[in-house]
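Reader: Could you walk me through this one, starting with how the strands are put together?
Author: Gladly; let us look at the model together.
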Amino acid sequence: MEVSRQLNVPLSSVYRIVTFYKAFTLSPRGRNLIRVCMGTSCQVRGSQMILERIANLLGISPGETTPDLQFTLETVNCLGCCAMGPVIMINDDYYGNLMPASVARLLEKFGVKAVPSAVPAEVGARVRG
Ligand code: FES
């Protein structure tokens with residue numbers, strides 16, 4: 001609303017732009033943005049397990065931000081380095097050839113500790129089958 005007023009453009013125009021471009025969001029993002037590639041090449045190499053492991057460690061689902069605003073978890077269709085799959089990006093850095101165990105070690109560098117009780121219901125259901 002503030003942007004609409006400051007730029008003197010209709011609120012509907014601001015909303016249209018914000019919801020079209022992925023660079024904009026209507027909710028706050030975390031200090032660290034984690035993007036998990038779910039492209040075909042990464043999927044056949046286990047990106048779903050990587051995504052579930054990260055969601056488990058952070059206690060959030062894709063598209064969500066941790067309550068302390070430290071992490072936002074997103075999925076993307078391709079990060080452009082398919083031969084390194086499964087690939088994730090944390091902020092501006094790429095991490096490839098990941099395994100679920102290596103994800104936990106990687107996130108430890110960002111202050112994330114494994115907390116078994118932090119499993120979101122829908123992710124936990126997928127993990128348990
Ligand atoms: S499919 Fe994952 S980087 Fe291209």
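Author: Before the strands themselves, one term: two strands pair if DSSP finds at least two bridges between them. In this predicted model, strand β1 (residues 32–37) and β2 pair in the parallel sense, over six bridges.

Reader: Which residue of β2 is the bridge partner of Asn32?
Author: That is Phe71, which is the partner of Asn32 in β2.

Reader: And in what order do the strands of the sheet come?
Author: The sheet is open and has four strands, ordered β2-β1-β3-β4, with mixed pairing. Its edge strands, each pairing on one side only, are β2 (71–76) and β4 (93–95). On average, and with direction ignored, neighbouring strands of this sheet are turned by 20 degrees against each other.

Reader: Changing topic, which strands does α4 lie across?
Author: Helix α4 lies across β1, β2 and β3 (88–90), and it runs at about 155 degrees to β1. The helix spans residues 47–58, and Ile54 is found in it.

Reader: Ile54, then: buried or exposed?
Author: Ile54 counts as buried because 25 other C-beta atoms lie within 10 Å, where the cut-off for that label is 20 or more.

Reader: What is Ile54 in contact with, leaving aside its neighbours within four places in sequence?
Author: With those neighbours set aside, Ile54 is in contact with Ile34, Val36, Leu73, Val103 and Leu107. For one of these, Val103, which is 49 residues apart from Ile54 along the chain, the C-alpha atoms of the two residues are separated by 7.1 Å.

Definitions and conventions. Residues numbered from 1 in each chain as written. Predicted model: local features only at pLDDT ≥ 70, side-chain atom pairs only at ≥ 80, totals over all residues. Helix = DSSP H or I, 4+ residues; strand = E, 2+ residues; numbered from the N terminus. Buried ≥ 20, exposed ≤ 12 C-beta atoms within 10 Å, placed from the backbone. Contact = placed C-beta atoms within 7 Å. Axes fitted to C-alpha atoms, helices over the stretch in contact; angles between N-to-C directions.
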